[in-house]
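Please go through the sequence and structure below before reading on.

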Amino acid sequence: MAKGTRANAALDKAGIAHGLHAYDYSADVDSKGLAAAQALGIAPARMFKTLMAWVDKQPVIAVIPSDQRLSLKKLAAHCGGKHAQMMEVTEAERRSGYKVGGISPFAQQRPASIVFADDVQQHASVYLNAGQRGLLLDIAPIDALRFLQAQCADILEG
């Protein structure tokens with residue numbers, strides 16, 4: 001397993017503090033984010049997953065806690081759109097340059113608007129995919145938001 005990806009290389013180049021954490025990835029689990037949180041012994045609410053979506057045919061990256069579900073209706077409303085849908089796997093991989101199960105919001109091949117669930121601001125650090133299955137990075141939310149020029153919004157179901 002590589003110890004570096006485009007995602008952490010971009011953070012290194014920008015001088016943003018972060019850590020890298022490897023774990024045994026399994027494609028056979030229902031929730032890869034929850035499995036990763038368990039493998040690292042961290043609270044699922046601190047493990048964030050990166051989801052690729054379309055809002056009125058515009059690509060959007062949604063980053064939410066692994067123990068929550070994305071509200072496509074709230075995502076569309078936040079982005080000023082009428083309709084949101086999840087991207088197909090092949091399109092998500094092509095746009096991001098990463099494999100599903102390892103998609104990072106950092107250093108994607110084709111940039112898109114990024115929206116974090118506002119829950120991210122409750123934590124001193126969060127865990128995100130580092131761009132490779134079985135490799136996570138931890139980072140202060142304020143640093144991630146600033147680097148990605150991301151917004152925070154209520155985009156969760158419930």
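Which residues lie nearest the centre of the largest pocket? They are K32, K49, T50, L51 and V100, out of 28 residues that line the pocket. This is a predicted model, in which local features need pLDDT of at least 70 and side-chain atom pairs count only at pLDDT 80 or more, while totals for chains, interfaces and linings use all residues. Residues are numbered from 1 along each chain as its sequence is written, and side-chain values use heavy atoms, with hydrogens and water left out.

**Pockets**

- A pocket is defined on a 1 Å grid over the protein atoms alone, as an open set of points where a 1.4 Å probe fits, with protein on both sides within 12 Å along at least five of seven lines; a lining residue has an atom within 4 Å of a point.
- The largest pocket holds about 680 Å³ of space, where a volume is the space filled by probe spheres set on the grid points, joined across faces, edges and corners.
- Two or more residues of the lining of the largest pocket come from each of α2 (32–40), β2 and α4 (89–96); β2 gives the largest share, five residues.
- The lining of the largest pocket divides into 15 nonpolar, seven polar and six charged residues. Nonpolar covers Ala, Val, Leu, Ile, Met, Phe, Trp, Tyr, Cys and Pro, charged covers Asp, Glu, Lys and Arg, and the others, Gly among them, are polar.
- The second largest pocket has a volume of about 170 Å³. Among its lining residues are I61, P105, F106, F147, L148 and Q149.
- In the lining of the second largest pocket, nine residues are nonpolar, two are polar and none is charged.

**Pairing around β3**

- Helices (H or I, at least four residues) and strands (E, at least two) are DSSP runs numbered from the N terminus, and two strands pair if DSSP finds at least two bridges between them.
- β2 (48–55) and β3 (58–65) are antiparallel partners over eight bridges. L51 has A62 in β3 as its bridge partner.
- β3 also runs parallel to strand β5 (residues 113–117), joined by four bridges. Here A62 stands opposite V115 in β5.
- Seven of the eight residues of β3 are buried, that is, under 20% relative accessible area with a 1.4 Å probe and protein chains only; over 50% is exposed, and partly exposed lies in between.

**The three-stranded sheet**

- An open sheet has three strands in the order β1-β7-β6, with antiparallel pairing.
- β1 (19–22) and β6 (126–132) are the edge strands, each with a single partner, so one side of each has no neighbour in the sheet.
- Neighbouring strands of this sheet are turned by 35° against each other on average, direction ignored; axes are lines fitted to C-alpha atoms, and angles run from 0 to 180 degrees between N-to-C directions.
- β1 and β7 (residues 135–139) pair over four bridges, and A22 stands opposite L135 in β7.

- D56 has a phi near 45°. β2 and β3 form a hairpin with two residues between them, and D56 is in the turn.
- D56 counts as partly exposed because its relative accessibility is 38%.
- Q149 has a positive phi of about 55° and is found in the loop between α5 (141–148) and β8 (151–153).
- Q149 counts as exposed, at 72% relative accessibility.
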